[in-house]
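I opened my notebook to look up a few places in this chain. The entries follow in the order I made them.

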Amino acid sequence: MQNKNNKILVVGGGSWATANIKMLTDNITEKEIFWWMRNPQAVKHVHKFGHNPNYLSSVEIKVPAQNISSDLKALIKPADVVLLNVPAAFLKEALVDISAKDLAGKKIVSAIKGIVPDENLIIGEFLNKKYDMSFNDFAVISGPCHAEEVALEKLSYLTIASGDPALAAEFAGMINTRYIKTIVSDDIYGTEYAAVLKNIYAIASGICHGVGYGDNFQSVLISNAIRELMRFVDVVHPITRDIKESAYLGDLLVTAYSQFSRNRTFGNMIGKGYTVTSAQLEMNMIAEGYYAVNCLHQINKQYKVNMPICEAVYAILYQKRSPAIEMKQLAEKLC
């Protein structure tokens with residue numbers, strides 16, 4: 001990437017996409033921002049009023065109106081960097097009209113913390129297989145950073161991982177602000193899978209709270225979760241990594257405990273007796289962990305890693321097991 005006249009396209013209209021727009025525009029590096037939103041009515045609202053009507057509406061949108069559109073193909077054409085920020089479950093739908101040729105020569109950054117359903121692939125693998133993307137042209141944004149706190153300009157830390165260290169460092173420089181600190185990494189697989197797994201563990205944390213377990217048990221659950229996460233990523237991609245870094249342990253902690261965690265909220269509702277459908281409707285937001293746990297269940301048939309927490313969440317959400325009984329059985333397996 002060249003620092004001068006970078007053209008960056010943000011794909012997605014949710015809270016995290018809005019937070020990324022804020023980070024990019026608050027950063028002082030010279031760049032031009034484009035924004036794709038699926039909903040044409042939301043686009044019109046942003047054009048007229050300068051804020052997202054549905055998510056983080058307090059954030060002032062400082063992107064030129066002519067650069068905000070629901071026509072993805074038109075916006076991709078001038079972009080140097082494509083920042084993907086839609087839920088993993090809807091990524092294929094968002095890119096349905098986009099070909100490998102459309103993405104050729106561009107850098108792709110994923111801010112998605114999920115797995116593509118049916119494909120059972122993390123985002124980097126999906127783009128590599130379906131769009132012939134090189135891992136050296138790909139980066140991942142991860143770390144403990146809720147969109148709501150970005151909107152409030154609370155100090156947050158993000159990790160940028162890429163097969164190309166220069167790309168990671170350069171994109172990190174595009175989102176640094178007085179309230180965003182960045183760390184670079186070469187661990188694409190570890191950071192992507194950690195971002196997926198922490199959502200599943202946050203659902204488990206919410207379920208436990210919903211059925212009546214207290215803080216003492218929650219701490220044991222999460223200490224077991226980080227070990228479970230480490231076992232999995234060490235088998236899938238065995239490199240030297242420090243699982244205590246913020247992209248792994250930090251992201252797990254904030255997602256499992258924060259009031260802003262939609263996955264914890266979803267799990268809490270399930271623990272209190274909501275059905276999956278009713279919880280999703282009431283939240284009106286995507287809990288990535290719901291889709292991810294099914295994908296992880298399928299993926300782990302290959303690796304056969306001992307993952308009792310993931311299996312308990314899978315049993316509750318997809319096999320309709322009793323949350324109270326499943327958590328009681330899980331408690332006997334934790335230490």
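**Entry 1: Tyr-257**

Which residues does Tyr-257 touch, not counting residues up to four places away in sequence? I noted first that I am working with a predicted model. I then listed Gln-218, Ser-219, Ile-222 and Arg-264 as the residues that Tyr-257 touches. I placed Tyr-257 in helix α11, which covers residues 246-257. I looked up the relative accessibility of Tyr-257 and found 40%. Buried means under 20% and exposed means over 50%, so I wrote down "partly exposed". I also checked a distance to His-51, which is 206 residues away from Tyr-257 along the chain. Their C-alpha atoms are separated by 29 Å.

**Entry 2: the rest of α11**

I asked which residues of α11 are buried. They are Ala-247, Tyr-248, Gly-250, Asp-251, Leu-252, Thr-255 and Ala-256. I recorded what these buried residues pack against: the strands β8 and β9, and the helices α9, α10 (215-236) and α12 (262-271).

**Entry 3: Ser-261**

I went on to the loop between α11 and α12, where Ser-261 is found. Is Ser-261 buried or exposed? Its relative accessibility is 2%, so Ser-261 counts as buried. I listed its contacts, leaving out residues up to four places away in sequence: His-146, Ala-202, Val-254 and Thr-255.

**Entry 4: the sheet**

I traced an open sheet of eight strands with mixed pairing. Its order is β3-β2-β1-β4-β5-β8-β9-β10. The edges are β3 (68-69) and β10 (180-185). Each of these has a single partner strand, so one side of each is left without a neighbour in the sheet.

**Entry 5: β8**

I looked at both partners of β8 (residues 138-142). With β5 (residues 107-110), β8 pairs in the parallel sense over three bridges. With β9, β8 pairs in the antiparallel sense over four bridges.

How many of the five residues of β8 are buried? I found five of five, and I noted the strand as mostly covered. Phe-138, Val-140 and Ser-142 point one way. Ala-139 and Ile-141 point the other way.

I followed helix α9 across the strands β8, β9 (156-162) and β10. It runs at about 40° to β8.

I then looked at α9 (residues 188-211) with helix α15 (residues 308-318). Their axes come within 9 Å and cross at roughly 65°. Angles of 65 to 115 degrees count as roughly perpendicular, so α9 is put down as roughly perpendicular to α15. The crossing is left-handed.

Which residues make this contact? From α9 I listed Leu-197, Ile-200, Tyr-201, Ile-203, Ala-204 and Ile-207. From α15 I listed Ile-309, Cys-310, Val-313, Ile-316 and Leu-317. By class, the contact has eleven nonpolar, no polar and no charged residues.

**Entry 6: α15 against α16**

I looked up α15 with helix α16 (residues 323-331) next. The axes come within 10 Å and cross at roughly 165°. The crossing is right-handed. Pro-308, Ile-309, Ala-312, Ala-315 and Ile-316 in α15 meet Pro-323, Glu-326, Met-327 and Leu-330 in α16. I sorted these into eight nonpolar, no polar and one charged. Ile-309 and Ile-316 are also in my list for the contact with α9.

**Entry 7: α6**

My last stop was helix α6 (residues 123-131). Its buried residues include Ile-123, Gly-124, Glu-125, Phe-126, Leu-127 and Tyr-131. Just after α6, I noted a positive phi of about 55° at Asp-132.

Notes:
Residues are numbered from 1 along each chain as its sequence is written. This is a predicted model: local features need pLDDT of at least 70, side-chain atom pairs count only at pLDDT 80 or more; totals for chains, interfaces and linings use all residues. Side-chain values use heavy atoms; hydrogens and water are left out. Axes are lines fitted to C-alpha atoms, for helices over the stretch in contact, and angles run from 0 to 180 degrees between N-to-C directions. Helices (H or I, at least four residues) and strands (E, at least two) are DSSP runs, numbered from the N terminus. Angles under 35 degrees count as roughly parallel, over 145 as roughly antiparallel, 65 to 115 as roughly perpendicular and the rest as oblique. A crossing is left-handed if the near helix is turned anticlockwise from the far one by less than a right angle, and right-handed if clockwise. Contact means heavy atoms within 4.5 Å. Ala, Val, Leu, Ile, Met, Phe, Trp, Tyr, Cys and Pro count as nonpolar, Asp, Glu, Lys and Arg as charged, and the others, Gly among them, as polar. Two strands pair if DSSP finds at least two bridges between them. Buried means under 20% relative accessible area, exposed over 50%, partly exposed in between (1.4 Å probe, protein chains only).
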